[in-house]
Amino acid sequence: MALTSHSWLFLGAAFLSVGAEISITPEPAQPAEGDNVTLTVHGLLGELLAYSWYAGPTLSLNYLVASYIVSTGDETPGPAHTGREAVRPDGSLDIHGVLPRHSGTYILQTLNRQLQTEVGYGHLQVYEILAQPVVMANNTALVERRDTLRLTCSSPSPAEVRWFFNGEALPIAIRLGQSADGRVLTRHGVRREEAGAYQCEVWNPVSVSRSEPINLTVYYGPERVAILQDSTTRTGCTIKLDFNTSLTLWCVSQSCPEPEYVWAFNGRALKNGRDHLNISSMTAAQEGTYTCIAKNPKTLLSGSASVVVKLSAAAVAMTIVPVPTKPMEGQDVTLTVQGYPKDLLVYAWYRGPASEPNRLLSQLPSGNWIAGPAHTGREVGFANCSLLVQKLNLTDAGRYMLKTVTLQGKTETLEVELQVAPLE
């Protein structure tokens with residue numbers, strides 16, 4: 001009986017042998033797209049007349065890849081033939097340059113001389129060479145504990161996905177926010193420690209591809225606002241300075257981004273937007289409370305810290321400094337008193353020795369002052385003991401003396417020599 005290319009395909013229904021031992025295994029076992037694969041057949045018995053290969057779940061003509069007549073070597077392609085398949089004389093099927101679409105169930109049907117058929121099943125899984133995935137974020141700059149982070153791993157392949165954070169496998173605390181397929185990562189109320197570089201990786205048994213990193217910034221703070229002295233020593237509530245010494249106060253905080261700074265002195269804003277404040281020459285006028293306010297423009301939060309700056313006990317010694325130091329005829333000069341006693345009861349200025357009765361004026365803490373015999377009408381006294389002399393003339397040059405009396409009755413006398421330069 002001679003067989004044509006397809007006539008024998010319909011004989012098997014009546015003579016199908018059950019309990020067939022045919023098995024099919026792909027070589028290589030885990031092929032990548034582009035590989036040459038052989039579906040190797042095991043367990044063929046007896047003298048066979050023909051083979052028929054199907055790429056599908058049933059023995060349907062629509063799934064027929066090719067039929068092969070053993071005696072003649074004739075091969076006839078079927079509807080499912082892709083142009084890459086060829087049947088070997090031993091019944092195996094070669095597929096040249098497999099593609100992912102070649103994946104699926106394969107069935108081999110054989111026909112022997114008794115016109116009996118046997119069927120063997122196998123499965124082929126072709127793994128694609130994976131393209132680089134891309135991580136997409138709902139936002140790359142988020143506010144801590146307020147915003148939600150959502151990262152999506154975009155890839156055309158249905159391959160497995162794993163995540164990396166700063167080059168390392170993603171911590172389990174973050175992985176708990178993954179979707180069922182692992183491709184979406186969600187973190188409600190994102191934390192600062194979750195700022196960094198995120199990558200996703202797709203993989204299968206023959207290929208792996210990792211995305212470029214996407215960098216996430218998490219804004220927070222300011223927190224733990226503090227004032228440091230000279231950038232190294234943490235200040236307490238009070239800083240004591242010697243007279244005429246300098247001081248730098250630094251404002252620090254935990255914040256992202258770096259906050260904006262506002263300084264205030266005794267509740268009054270200063271024109272200083274930097275993270276530090278300089279006091280170049282400490283006097284009684286600089287005594288008070290210094291406050292730093294840190295404002296984060298991203299979180300819209302702020303914090304503050306304050307210190308009290310005072311003259312130390314050693315700074316109580318009084319000095320008199322003319323301002324300007326060398327005034328000219330016709331100018332005003334202020335005999336500025338630095339370090340005057342805080343418990344002042346009364347003070348008096350004199351032209352010449354304080355023992356002489358040519359007193360200029362007497363200043364009381366209430367602000368009242370009494371002109372003395374030497375008062376010319378051009379002198380004005382202030383509550384801090386300083387004396388203003390207006391429209392100097394050459395006769396104003398000479399020795400000036402200040403006498404102070406405290407509430408405890410302590411008396412102190414100080415003098416200064418005033419020089420007046422003539423007009424040229």
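Modeller: Keep in mind that this is a predicted model. A search of the whole structure turns up 2 disulfides.

Biologist: Which cysteine is joined to Cys153?

Modeller: Cys200 is the partner, with an S to S distance of 2.0 Å. Cys153 sits in strand β12 (residues 149-154) and Cys200 in strand β16 (residues 196-204), so this pair links distant parts of the chain, 47 residues apart.

Biologist: Is that disulfide right-handed or left-handed?

Modeller: Right-handed, because the torsion about the S-S bond is about 70 degrees.

Biologist: And are Cys153 and Cys200 buried or exposed?

Modeller: Cys153 is buried, at 3% relative accessible area. Cys200 is buried as well, at 0%.

Biologist: What does Cys251 bond to?

Modeller: Cys251 is joined to Cys292, with the sulfurs 2.0 Å apart.

Biologist: What pattern do the disulfides follow?

Modeller: Counting bonded cysteines along the chain, the pattern is 1-2, 3-4.

Biologist: New topic. Which residues does the "domain: Ig-like" annotation cover?

Modeller: According to UniProt, in an unreviewed entry, it covers residues 133-217 and 222-308. In the model, the span 133-217 is 5% helix and 49% strand, and its end C-alpha atoms lie 21 Å apart.

Biologist: How many residues are in the largest nonpolar core?

Modeller: It has 21 residues, and those with the most contacts inside it are Ile227, Leu249, Trp263, Tyr290, Val307 and Val309. Several strands give two or more residues to this core, among them β18 (214-229), β21, β25 and β26 (302-311). Strand β26 gives the most, with 4 residues. There is also a second, separate core of 20 residues, which includes Phe165, Ile174, Val190 and Tyr198.

Biologist: Phe165 and Tyr198, then: what kind of aromatic pair do they form?

Modeller: A tilted one, 4.9 Å centre to centre, with 45 degrees between the planes. Phe165 is in strand β13 and Tyr198 in strand β16, so the pair ties together parts 33 residues apart in sequence. Phe165 counts as buried at 13% relative accessibility, and Tyr198 is buried at 1%. The structure holds 3 aromatic pairs.

Biologist: What does Val161 touch?

Modeller: Leaving out residues up to four places away in sequence, Val161 touches Cys153, Gly182, Arg183, Cys200, Glu201, Val202 and Trp203. That list includes Cys153 and Cys200, which are joined by a disulfide. Val161 itself is in strand β13 (residues 160-165) and is buried, with a relative accessible area of 14%.

Biologist: Last one. Which rings do Arg192 and Arg210 sit over?

Modeller: Arg192 lies over the face of Tyr220, 3.9 Å from the ring centre. The charged end of Arg210 sits over the ring of Phe164, at 3.6 Å from its centre.

How values were computed
Residues numbered from 1 in each chain as written. Predicted model: local features only at pLDDT ≥ 70, side-chain atom pairs only at ≥ 80, totals over all residues. Heavy atoms only, no water. Disulfide = S-S within 2.5 Å. Buried < 20%, exposed > 50% of the residue type's maximum accessible area, 1.4 Å probe, protein only. UniProt positions renumbered as here; feature names shortened; annotations may be inferred. Core = buried A, V, L, I, M, F, W, Y, C linked by side-chain atoms within 4.5 Å. Contact = heavy atoms within 4.5 Å. Phe/Tyr/Trp six-rings, centres within 6.5 Å; stacked < 30°, edge-to-face > 60°. Lys NZ or Arg CZ within 6 Å of the ring centre and 35° of its normal.
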